[in-house]
Amino acid sequence: MRPCDKIEGGNVSPEAERLFDQCVKVFLLKGYETCTLDDIGEAAGCSGDCVKEHFTSKQELAAAAMRWYYIKYSRHMRAEMAMHQDIYSAMEAVLFAFIEISCDQVHANKGLFVRTFIDISNVDEFVKNSFEELQDDWEHQVLDKFKQCKLELKDDADIEVLAHYFLTVIEGLYELIKYGTPCDLMYKVAVASLGVLEAHMKTGQPKKKKGSKKKSK
């Protein structure tokens with residue numbers, strides 16, 4: 001394995017990505033507390049010593065892998081949110097992008113990878129701190145979008161509540177994925193949740209521009 005380096009600019013080598021994939025599988029098969037860097041290296045097709053050249057501990061590897069998945073799979077959601085000026089379209093795009101990414105991951109047999117890291121954060125302080133930093137970053141992104149669009153709301157005092165409501169909706173979609181809910185049903189759940197936002201807006205859902213097509217599943 002050539003040097004993994006650390007994640008820089010959201011990029012890692014293919015070897016490092018394979019290592020991250022394999023570490024999750026080893027955590028699930030052997031248990032996070034009992035597995036070793038040697039176990040992870042063997043699963044990834046390299047020696048434990050090679051892994052140790054880049055990561056000093058299992059905790060550091062888990063945190064790096066979690067950060068990689070966060071960057072990789074949140075990039076599309078962030079881009080979709082930034083593309084829309086109004087808050088309804090922005091939140092609709094975020095939810096739809098999340099479902100699309102999640103369904104793709106399920107089909108690639110990686111549907112629970114992010115959930116695995118969240119579970120690990122409950123028993124490992126180092127990973128927990130890394131997870132909380134990523135979680136805070138995402139919360140600020142959503143909250144900032146609502147603040148940018150505050151004039152669209154009937155009462156801008158609802159900004160924080162609405163932002164956390166949509167963060168909770170995304171967490172709920174995680175649970176639907178976990179229990180194998182069909183993707184088309186998740187889209188319907190997302191649309192229903194947008195009704196809450198619409199009720200807090202001055203004019204409700206914006207009219208679609210001519211030629212635009214609302215995504216449906």
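Me: What makes E125, E132, E133 and D136 a negative surface patch?

Reply: Glad to walk through it. E125, E132, E133 and D136 form a negative surface patch. Asp and Glu count as negative, Lys and Arg as positive, with His and the chain ends not counted. A patch takes residues with over 30% relative accessible area and no salt bridge, and joins like charges within 9 Å. The place of a charge is CG of Asp or CD of Glu, and a salt bridge would be a side-chain nitrogen of Lys or Arg within 4 Å of a carboxyl oxygen of Asp or Glu. The model is a predicted one, where local features need pLDDT of at least 70 and side-chain atom pairs pLDDT 80 or more, while totals for chains, interfaces and linings use all residues. Residues are numbered from 1 along each chain as its sequence is written, and side-chain values use heavy atoms, with hydrogens and water left out.

Me: Why is D136 called partly exposed?

Reply: Its relative accessible area is 38%. Buried means under 20%, exposed over 50%, and partly exposed in between (1.4 Å probe, protein chains only), so at 38% D136 is partly exposed. D136 lies in helix α7, residues 125-148.

Me: How do you know that C103 and C183 form a disulfide?

Reply: Their sulfur atoms are 1.8 Å apart, and a disulfide is a pair of cysteine sulfur atoms within 2.5 Å, so the pair qualifies. By this rule the count comes to 1 disulfide. C103 lies in helix α5 (residues 87-107) and C183 in helix α9 (residues 183-199), so the bond ties together parts that are 80 residues apart in sequence.

Me: Why is the disulfide of C103 and C183 called left-handed?

Reply: The torsion about the S-S bond is about -130 degrees, so the disulfide is left-handed.

Me: Are C103 and C183 buried or partly exposed?

Reply: One of each: C103 has 8% relative accessibility and counts as buried, whereas C183, at 25%, counts as partly exposed.

Me: What about C50, which is in no disulfide?

Reply: The nearest cysteine sulfur, that of C46, is 4.8 Å away. C50 is buried as well, with a relative accessible area of 11%.

Me: How many helices and strands are in the chain?

Reply: There are 9 helices and 0 strands, where helices (H or I, at least four residues) and strands (E, at least two) are DSSP runs numbered from the N terminus.

Technical notes. Patches are made of residues with over 30% relative accessible area and no salt bridge: like charges are joined within 9 Å, nonpolar side chains (Val, Leu, Ile, Met, Phe, Trp, Tyr) within 5 Å. Accessible areas come from the Shrake-Rupley method with a 1.4 Å probe; for residues, only the protein chains shown count as cover.
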